[in-house]
Amino acid sequence: MSVDENRTTVRQVRNEFEGALNASLDHAPVGRPTDRLGDPVPEALPPEQFVQELTDEIMGSAAANIGPFYERLIAEEIPIEGLRDWVKQWYIDARTFPSVIAQICANATYHYDARQFMGANLAEELGEFNPAREHPVTVRQLGNALGVSDEELEFAEPYPETLLYVEYRQHLVRDFHWVEALASGSFAIELTIPNRFRQIARALSHQLNLDDKALEVFRIHAGDERLELDYGGDDKHAAEAGALLAKYSVTAEMQQRVRLAVWRSVQARRVYQWGLYREIVLKRHPQWEAVNAR
Ligand SMILES: [Fe+2]
Ligand SMILES: [Fe+2]
């Protein structure tokens, strides 16, 4: 077989055009899309301080906690039809959440303590293996009390944001290191739940006079000693996740990766919350049609 000596290899072409690459546009290998290669990574913080700063950032974020949609829900401004739409979207989110926890557990290949904690967390999400007590099923109880059937909940159409949120969240926990997964899939989410749930439960019970069974989903997550399967609520899950983050996020790089994981998780929640706000609040506004008419 003869070799064409005049052939130009791809490597020669690459070398010829090397000058077209612009090193001043290079990105940090671990960073946001806005971080440049030369940007310094923050020095490692003492673990407790690191987790405290992460906690403050998450708790101070409307996107992670109570954005415009939940504000209106808590102010009892959402009519029953809107609440029915909301619970269907929430059910899509809640139904997929045990798989998030299971994935973090699955990723912790070498870490006994992480598997034990996340395994117990998973068992709690699964109602300690009583299908009637699974956490998504407690959302169905609320849906039923709002006049939505199991059938309507189970086969509800997700808003595009809901679909992207739940599937992106699964990507965050499946395709990243388990410590990043823990930060994005557990810590950033569970930390905000008890406070928001208490406020929503108070509003719904005042607006619609719901009973304890309808409100069980809020009670189990906020912590309620009267419940048989009370585990301490998501303050407990968040505290366990925080302790694991403090233990394993001890280098500057891992702390940075954890910050980025939290950032991605919160951005995804922002999208989900805006989907709820558009579909349930804005689309019911009398000016929605006029604003969007061309
Ligand atoms: Fe749960
Ligand atoms: Fe939880």
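Predicted model: local features only at pLDDT ≥ 70, side-chain atom pairs only at ≥ 80, totals over all residues.
# Helices crossing helices

Let's start with one pair: helix α4 passes helix α6 in a left-handed crossing (left-handed if the near helix is turned anticlockwise from the far one by less than a right angle, right-handed if clockwise). Residues are numbered from 1 along each chain as its sequence is written, and chains are lettered from A and ligands numbered from 1 in the order in which they are written.

Back to that pair. α4 covers residues 80–107 and α6 covers residues 135–145; they pack at an angle of about 165°, with their axes 8 Å apart (axes are lines fitted to C-alpha atoms, for helices over the stretch in contact, and angles run from 0 to 180 degrees between N-to-C directions). That angle makes α4 roughly antiparallel to α6 (under 35 degrees is roughly parallel, over 145 roughly antiparallel, 65 to 115 roughly perpendicular, and the rest oblique). On the α4 side, the contact is made by Val87, Trp90, Tyr91, Ala94, Arg95 and Phe97, and on the α6 side by His135, Pro136, Val139, Arg140, Leu142 and Gly143 (in contact means that C-beta atoms, placed from the backbone, lie within 7 Å). Sort the residues of this contact of α4 with α6 and you get eight nonpolar, two polar and two charged (Ala, Val, Leu, Ile, Met, Phe, Trp, Tyr, Cys and Pro count as nonpolar, Asp, Glu, Lys and Arg as charged, and the others, Gly among them, as polar).

Now zoom out. The protein chain has 14 helices and zero strands (both are DSSP runs numbered from the N terminus: helices are H or I with at least four residues, strands E with at least two). Its C-alpha atoms fill a box of roughly 85 × 60 × 45 Å along the principal axes. Of the 294 residues, 36% are buried (20 or more other C-beta atoms, placed from the backbone, within 10 Å of its own; 12 or fewer is exposed, and in between is partly exposed). Among contacts between residues at least 6 apart in sequence, 77% join residues at least 24 apart.

Here's another pair to find. The axes of α9 (residues 178–190) and α13 (residues 252–281) come within 8 Å and cross at roughly 45°, so these two helices are oblique to each other. α9 passes α13 in a right-handed crossing. Residues making the contact include Val179, Ala183 and Ile189 of α9 and Met254, Val258 and Val262 of α13. By class, the contact of α9 with α13 has nine nonpolar, two polar and three charged residues.

Then there's α2 (residues 47–59) with α12 (residues 233–248), packed at an angle of about 135° with axes 8 Å apart. That makes α2 oblique to α12. Pro47, Glu48, Val51 and Thr55 of α2 meet Gly242, Leu245, Ala246 and Lys247 of α12.

Finally, take a look at two loops. Most residues other than glycine have a negative phi. Glu128, in the loop between α5 (112–125) and α6, has a positive phi near 50°. Glu128 is partly exposed, with 13 other C-beta atoms within 10 Å. Asn209, in the loop between α10 and α11 (216–222), has a positive phi near 60°. Asn209 is exposed, with 9 other C-beta atoms within 10 Å.

Notes
Contact = placed C-beta atoms within 7 Å.
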